[in-house]
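Below are my notes on the structure, as numbered points.

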Amino acid sequence: MRFRFLPRLAGLLLLAALAPLRAAATIHYTISLANRAENRFGVRMEIPDANQATELDMPVWNGLYQVREFASRILELHASTAAGTAISLRRLTPHSWLAGPAGGRLIVEYSIEWDEPGPFSSQLNDSHAFLNAATLLLFVPQRRSEDVTLELRDVPQAWRVATALDSGSAANSYLARSYDDLVQAPIEASAFMDFSLQVAGREIRVVVHAAPPAPESVPLWSREHLEDAAQRIVETETTLMGDAPFPRYLFILHLGTGGGGGMEHPNSTAIAVGQGFDPAATMAHELFHAWNVLRIRPRSLEPVDYTREQPTDALWFAEGVTSTIAAYTLVRSGLWGREQLYADLAAQIQELESRPARRFESAEDSSIATWLDRAPLYGRDVNSISYYNKGQLLGLCLDITLREATGNRESLDSLLRAMNTRYAQKHEFYGDTAAIQALASELAQRDLTSFFARYVAGTDEIPFAEILARGGFDLRQNESVVGDAGFSAGRAGAAGVTVTAVEAGGPAERAGLRPGDTIVEINGAPATPRLGRLLARLSPGEEIRLRILRGAQAQSTVFHAGERASRAYRVSEAAGGGLPRAIRESILTGKSVAAQ
Ligand SMILES: [Zn+2]
């Protein structure tokens, strides 16, 4: 994902000056949505001035920090001249080709099959089309910075198109300043519901593609709630940062249509949540990425290299601290009550403490190792922590540390504002974690090397109770006995959730469950996304009914949960006043509160 500022401005000026010439030297994509029955996008790419041999590449990653195989989805690939004479295509690597000289305009045509829901992929079916350009479109590596135009064809009559791209003159046609900018603006085409708001001097558009609710169910989302949430979130985050760096902003929401998660882009986001889930927390997280990671950007992520992994040690900040601010935004805007923030904080601490890998994998390590996320073993709690989880907690701990060191004058808020003015607004990238440490130390007027060495680069246990107490919070731990299913499961896949480990002699093993089994249903409901929550809330002796797939064979099993001791955390407000109280009230309200 790349977002460049100066070239964008230069491109605009050039566009104004040379508009008639530019059109002739622009790579043009036409994408047909006709083959919805086979989930195949029909792509035609016209490359002007292809006098020499032309390399064509398919990205191997986009959105998710994972190497994926987009090129495996291509079929019927061929090249020709504008007059229709076939041009040779030689495969160079699994994801690149060399087309022979076309003596002018080179035409490349292919189909590409995508039917995956969610914001990280593409999908074409009878209900909608969702396009992430990097998962669909070949590019010419030497000409990645040229302007591109894109046109959607065969769009069904009842559908409309939404994207943050600038519109071209023809219907359903769009302009981008480069391939990278095209990649940074997903496209939704469907019979969606939409509305727009004016907030912070910007047009905020919300587009909702939703599954029809089950007949007997209560309404699962309402336009009123989404309007209210969008208004509060945009207002709170633009006020915090002191600017609105996007010319306009588009939320693309997929509600109950499959998939899950959110993907940030400079001027838009795509978010998918299951039936009955509120997208507000994800909206707050993704919108804050318009600053943190897209404009306040670690140097290691630039320039984007679509051909291989691109590690940075700063995802604990880019993702985790984005979650810290998202939680602050929800409570400061009134979308959450304080108790929700405290429950979330307790759950975050519980999650980190439940992962034995915290003793050897640091927040920086986890940021770098995210490229292993697709490997099932890596997801286990003995192999890895989550930089979202530890990063969110580090954000709060750093906030309290900055506030305590400066009598509540500096904070995580002011650190982010300083990064915005020092880097983002000057179109510069920051030097990953080292630069965050330097700027935080400058604001604190204190050397924070020890904090970063122990908790960010290192694996010292974070003394949560002690740090939270300095911020006016009380952290308690209760011993209790909870249910234990005797197995752990990895991340959800298309078919269900894979069993990663089965405890020897435990109830699941006695019932015949094996590592590698795919859980399709639990207690009569689809395993995704319910399984994790259900396992976390089991009571001792509770009945667990599973439908599983072992290879191609479907099986059912019933057993009862065992029990294990659990230490549950609880966060509340500490009774005292003074600086800790002032720090807490400032965090919760976003306003400066004096110590009494
Ligand atoms: Zn994120």
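1. Helix H9 (residues 387-405) packs against helix H16 (residues 578-589) at an angle of about 130°, and their axes lie 10 Å apart. Helices here are DSSP runs of H or I with at least four residues, strands are runs of E with at least two, and both are numbered from the N terminus. Axes are lines fitted to C-alpha atoms over the stretch in contact, and angles run from 0 to 180 degrees between N-to-C directions.

2. This is a predicted model, in which local features need pLDDT of at least 70, side-chain atom pairs count only at pLDDT 80 or more, and totals for chains, interfaces and linings use all residues. Residues are numbered from 1 along each chain as its sequence is written.

3. On the H9 side, Asp399, Ile400, Arg403 and Glu404 meet Leu579, Ile583, Ser586 and Ile587 of H16. Contact means C-beta atoms, placed from the backbone, within 7 Å. By class, this contact of H9 with H16 has four nonpolar, one polar and three charged residues. Ala, Val, Leu, Ile, Met, Phe, Trp, Tyr, Cys and Pro count as nonpolar, Asp, Glu, Lys and Arg as charged, and the others, Gly among them, as polar.

4. The chain has 16 helices and 28 strands. Its C-alpha trace spans about 80 × 60 × 45 Å along the principal axes.

5. Of the 596 residues, 43% count as buried, that is, with 20 or more other C-beta atoms within 10 Å of their own, the C-beta atoms being placed from the backbone.

6. Among contacts in the chain with a separation of 6 or more, 67% are between residues 24 or more positions apart.

Key:
Buried ≥ 20, exposed ≤ 12 C-beta atoms within 10 Å, placed from the backbone. Contact = placed C-beta atoms within 7 Å.
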